[in-house]
Amino acid sequence: MPANRAVAALCLLAYLAGPALACVSDPDAQRMTPETEAAPEVYAILGPSVVSQPTGLELVVCPWNSGAVSSVDVDAWMPSHQHGMNYEPDIEALGNGRFAITNMVYHMPGPWELTVTVRAGAERASYVLDMPIP
Amino acid sequence: MNRLCRIIVAFHLVAAIIAGPAAADVLLTPEEISRTLTHGPWPPAVGPDPSNRVSGNAAAIAFGEQLFHDPDLSRDGSISCATCHVPARGFSEDRPRAMGRVALDRNTPSLMNVGTHRWFGWAGDSDNLWAQSLLPILNADELASDAQSLKTMMADGPYASTYAQLFGPSSDHASETVLVNIAKALAAYKETLITGQTSFDRFRDALELGDMARAADYPESAQRGLQIFLGKGNCAFCHTGPAFTNGEFHDAGVPYFIEPGRVDPGRHGGLKALLESPFTLDGAFTDDPGKRGAWAVRNVRRTHLDFGKFRVPSLRGASRTAPYMHDGSLPDLESVVAHYNTIDMERLHADGEAILMPLNLSDDEVDDLLAFLRSLSDDQPVAD
């Protein structure tokens, strides 16, 4: 049936358009933009976009030739307003390159930028992700 | 907003998009309507404060109200909380700077809706309402009392029975515990100080229900003022949510000088006091074993930009709480709008608050913005 074919095509499109599927299958995962091409893929699964209330996100760092991730720094700022958050987020390693980030507080609506720095051994890679807060 | 409401709002937003703003009988665009909905509903559903075991307790609320008006809480029986937090003035007062035993440095902040705050006082010296309530009791320039005097008062005076019913015999308590318990009763009372529904709220709720005919009852001038508030006025960056405040601290371009040679450090000083206080949500005096809310004091950042920042006040009931700003330097709402309309950029941090710049609103736009702001205060005033 044409309808079934259309659904199947949509499913295929959704599959192809999803994250690179290198190490994350969550359809809400957004690939962060690295500073350099050699950096491993990093995905952010954002929590609720709320203003001035603590929220969080999950970070997924795909396997890296430099070895196991030794640390992750996470922050956010509003480039157009020239200020960051008023609170330090908490970062918890969940294993397998996954990190739970809590107590992110975006205290104004508007365009925020999520910034992440990942370290493995002597290597370091930085990432950004545009994050509109309504 | 529950799922049904979301569906209804989405339906009406789509309908409004299709029909265009003129057919909706309101001036707002669908995007402005969507943003307007974030400023409600009001009043918010606020549960008891888990850090205060007498929060929401009717006997504690009545006890707290008595204490609030009782000058015997002060060292010499001369002033009470209500001396500065005047009920008929929105629990604020009409002088620019508060007068305790001496002239104080800041305007008396309104206590209306104080139970919804994350930080308390102009500089956020406290992360909970009971901790904030004990500061003026102990401040030598305000009530100037002390824990031992209060313990004696609770042991021998007319409050002994009520105190014992709520907290147990005061003779079993260290004086500091009695002080905190008194502050918790005061906090239980202050949590009940909530502004009512305004014409803005009726407008906002009508929009949520898609009742454009009822929404159109909101004056067009106030609607235009709301559009300025959400748009070119940049007001809604800080005055967010149902309480019209993001609860954080900003440099609003008001001079820091209290008098020549003396400055008010604002949030910088507030954070110092907060982090030295034993009365935070992370401390031993909270009644919440889970220490909910303590993330804020644990995670709050200190930066050089904190200097001269002050807490963003709620705009609800603001018409009743003139004068304005942390130092009471602006006598009326017209002055506040004029301040932002012609803001002195020289008074701002060089690397902060990039959104503040002269608004250059016309006289008509100023009138519209004022009409909107006043519509946040046309609820039934609190009785004296």
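Is the crossing of helix 14 of chain B and helix 15 of chain B right-handed or left-handed? In this predicted model, the crossing of these two helices is right-handed. Helix 14 covers residues 333-341 of chain B and helix 15 covers residues 363-374 of chain B. Two packed helices are described by the angle between their axes and the distance between the axes. Here the angle is about 130 degrees, and the axes are 10 Å apart. Helix 14 of chain B is therefore oblique to helix 15 of chain B, since an angle counts as roughly antiparallel over 145 degrees and as roughly perpendicular from 65 to 115.

The residues that bring this pair together can be listed by helix. From helix 14 of chain B come B:L333, B:E334, B:V337 and B:N341, and they meet B:V366, B:L369, B:L370 and B:L373 of helix 15 of chain B. Sorted by class, this contact holds 6 nonpolar residues, 1 polar residue and 1 charged residue.

UniProt, in an unreviewed entry, places the feature "domain: Cytochrome c" at residues 59-223 and 220-377 of chain B. In the model, the span of residues 59-223 of chain B is 47% helix and 0% strand, and its end C-alpha atoms lie 43 Å apart.

Five strands of chain A form an open sheet with antiparallel pairing, in the order 1-3-4-8-7. Strand 1 (30-31) and strand 7 (90-95) of chain A stand at the edges; each has a single partner strand, so one side of each is left without a neighbour in the sheet.

Further in, strand 3 (residues 42-46) of chain A pairs with strand 4 of chain A in the antiparallel sense, over 5 bridges. Within this pairing, A:V42 stands opposite A:V61 of strand 4. Strand 4 (residues 55-61) of chain A also pairs with strand 8 (residues 98-104) of chain A, again in the antiparallel sense and over 5 bridges. There, A:E58 has A:A100 in strand 8 of chain A as its bridge partner.

Finally, the two chains touch one another. The contact involves 16 residues of chain A and 16 residues of chain B. On the side of chain A that touches chain B, 5 residues are nonpolar, 9 are polar and 2 are charged.

Methods:
Residues numbered from 1 in each chain as written. Chains lettered and ligands numbered in written order. Predicted model: local features only at pLDDT ≥ 70, side-chain atom pairs only at ≥ 80, totals over all residues. Pairing = 2+ DSSP bridges. Helix = DSSP H or I, 4+ residues; strand = E, 2+ residues; numbered from the N terminus. Axes fitted to C-alpha atoms, helices over the stretch in contact; angles between N-to-C directions. Parallel < 35°, antiparallel > 145°, perpendicular 65-115°, else oblique. Left-handed = near helix turned anticlockwise from the far one by under 90°. Contact = placed C-beta atoms within 7 Å. Nonpolar A, V, L, I, M, F, W, Y, C, P; charged D, E, K, R; others polar. UniProt positions renumbered as here; feature names shortened; annotations may be inferred.
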